[in-house]
Amino acid sequence: MRYITKFFWLFVGVLFIFSGLIKINDPVGTAIKLEEYFEVFAHDISPVFLSLVPAALFLSIFLSAAEIVLGVALLLRWKLKEVLWLLLAMIVFFTFLTFYSAYFNKVTDCGCFGDAIKLTPWESFTKDIVLLVMIVWLLIYRKQLQPLVQAKVGATVTALTALISVGIGWYAYEHLPYVDFRAYKIGNNIPTLMEPSAPLRYKYVMVKDGQEQEFEEYPMEEGYTFKEMVAVNPEDGPKITDFNVWNDEGDLTQEILTGNKLLVIVHSVGKANRSNIDKINKLVQAAEQQGIAPVVITSSGRQEFEAFRHEVGLGAPYYFGDGTVLKTMMRSNPGTMLLQDGTVKGMWHHNDTPEVSELVSLL
């Protein structure tokens, strides 16, 4: 039994640290996922959840740092009883989120491990149930785990972990994720990822006499009622399914994915940071002189964006894109991305807006 307790102790501690590091690596992405949950709960439970949307970034960094801190404290066995109760409260909260997502099919990706590891809602819920059982076990048998360090050392290490974790999250917010797990990361070719990597195969789920049956080919016999068609190899499907750019003239996606393009991505002009617009304007002008076509993509309406671009002097043609896609492409608002025939050659937070010489060197 002692070995089981030690295994659970190590597994829970390492997993919480790993989960927290993955999320704090991309605090903006985690905040977007929290906003999604808040909007769902506001619709289904109470509008009061909308009041949490402005705090999504704070909660993103706080919760991610808390996972890391509690994981480290657990491994040190510092304040073990208090740490385990906090872990229990956190996993109960996560279990509620994943169950709600799975049962009501509301949020199809819980974001438990960011963009690094995608889990279905039911997989996420199962993972949380396993962790819940392990933490309850550790609470019951915690006396088998003696502290590994003195109390002062444990307190110091835990406090330093908290400071470093928050610092890591804030730096990632002020720049870009340290490690990029998104489909639009540097080096990826967007047109290639818009196509399946292998032919998709499907199975047909049919119902006859109240019993479900699966077929590789659609059954021609009478008596079967079609229920659903499920992909057998969904991992071979397109990794990018919703990238589209347009204006009043029509779809311009292929134009964006052809030649050398400097994309200036503005999610929403109402939330756009204006502190480095002058640097972006300078880059846009210099890029055009180097044969790199600057293009602005925004999810804001035409009238709203017209007012914005005249206010900040952003002199480049602008197109429209889906807001969620733009947030996936760029964690900064605004931010810049360099494409060469659809291949991502570079991307920059507005705080790190490069000189044109850097763009030229990447092509």
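Predicted model: local features only at pLDDT ≥ 70, side-chain atom pairs only at ≥ 80, totals over all residues.
Buried means under 20% relative accessible area, exposed means over 50%, and partly exposed is whatever falls in between, with a 1.4 Å probe and protein chains only. Residues are numbered from 1 along each chain as its sequence is written, and side-chain values use heavy atoms, with hydrogens and water left out.

**The chain as a whole**

- The protein chain has 12 helices and 10 strands; these are DSSP runs numbered from the N terminus, helices being H or I with at least four residues and strands being E with at least two.
- Along the principal axes, the C-alpha atoms fill a box of roughly 70 × 70 × 40 Å.
- Take the contacts (heavy atoms within 4.5 Å) between residues at least 6 apart in sequence: 71% of them join residues at least 24 apart.
- The accessible surface comes to about 19000 Å², and carbon and sulfur atoms own 60% of that; the areas come from the Shrake-Rupley method with a 1.4 Å probe, and for residues only the protein chains shown count as cover.
- The chain carries 30 positive and 39 negative charges, and their mean positions are 13 Å apart. Lys and Arg count as positive, Asp and Glu as negative, and His and the chain ends are not counted; each charge is placed at NZ of Lys, CZ of Arg, CG of Asp or CD of Glu.

**Cavities and pockets**

- Rolling a probe the size of a water molecule over the atoms shows where empty space is left.
- The search runs on a 1 Å grid over the protein atoms alone: a cavity is a set of points where a 1.4 Å probe fits but cannot get out, a pocket is an open set with protein on both sides within 12 Å along at least five of seven lines, and lining residues have an atom within 4 Å of a point. Grid points are joined across faces, edges and corners, and a volume is the space filled by probe spheres set on the points.
- The structure holds two cavities of 30 Å³ or more, and the second largest cavity contains about 60 Å³ of space. Its lining has 10 residues, of which Asn-25, Asp-26, Asp-115, Val-179 and Phe-181 are the closest to the centre.
- The second largest pocket has a volume of about 600 Å³. Of its 21 lining residues, Val-28, Tyr-173, His-267, Lys-271 and Asn-333 are the closest to the centre.
- Helix 2 (27–44), helix 3 (56–76) and helix 6 (151–174) are the elements that give two or more residues to that pocket's lining. The largest share, four residues, comes from helix 2.

- Arg-182 sits in the loop between helix 6 and helix 7 (190–193) and counts as buried because its relative accessibility is 4%. Beyond its neighbours within four places in sequence, Arg-182 is in contact with Asp-115, Pro-177, Asn-188, Thr-328, Met-329, Met-330, Arg-331 and Met-347.
- Phe-125 is part of helix 5 (residues 121–140), and its 18% relative accessibility puts it in the buried class. Neighbours within four places aside, Phe-125 is in contact with Thr-95, Thr-98 and Phe-99. The C-alpha atoms of Phe-125 and Thr-95 are 6.0 Å apart, though 30 residues separate the two along the chain.
- Phe-226 belongs to strand 3 (residues 225–231) and is partly exposed at 41% relative accessible area. Not counting residues up to four places away, Phe-226 touches Tyr-204, Val-205, Met-206 and Tyr-218.

- Most residues other than glycine have a negative phi, and most peptide bonds are trans.
- Asn-333 and Pro-334 are joined by a cis peptide bond, with omega at about 5 degrees. Pro-334 is in the loop between helix 11 (323–329) and strand 9 (335–340).
- Lys-79 is not a glycine, yet its phi is positive, near 45 degrees. Lys-79 lies in the loop between helix 3 and helix 4 (80–104) and is partly exposed at 47% relative accessibility.
- Asp-341 also has a positive phi, about 50 degrees, without being a glycine. Its place is the loop between strand 9 and strand 10 (343–349), and at 47% relative accessibility Asp-341 counts as partly exposed.
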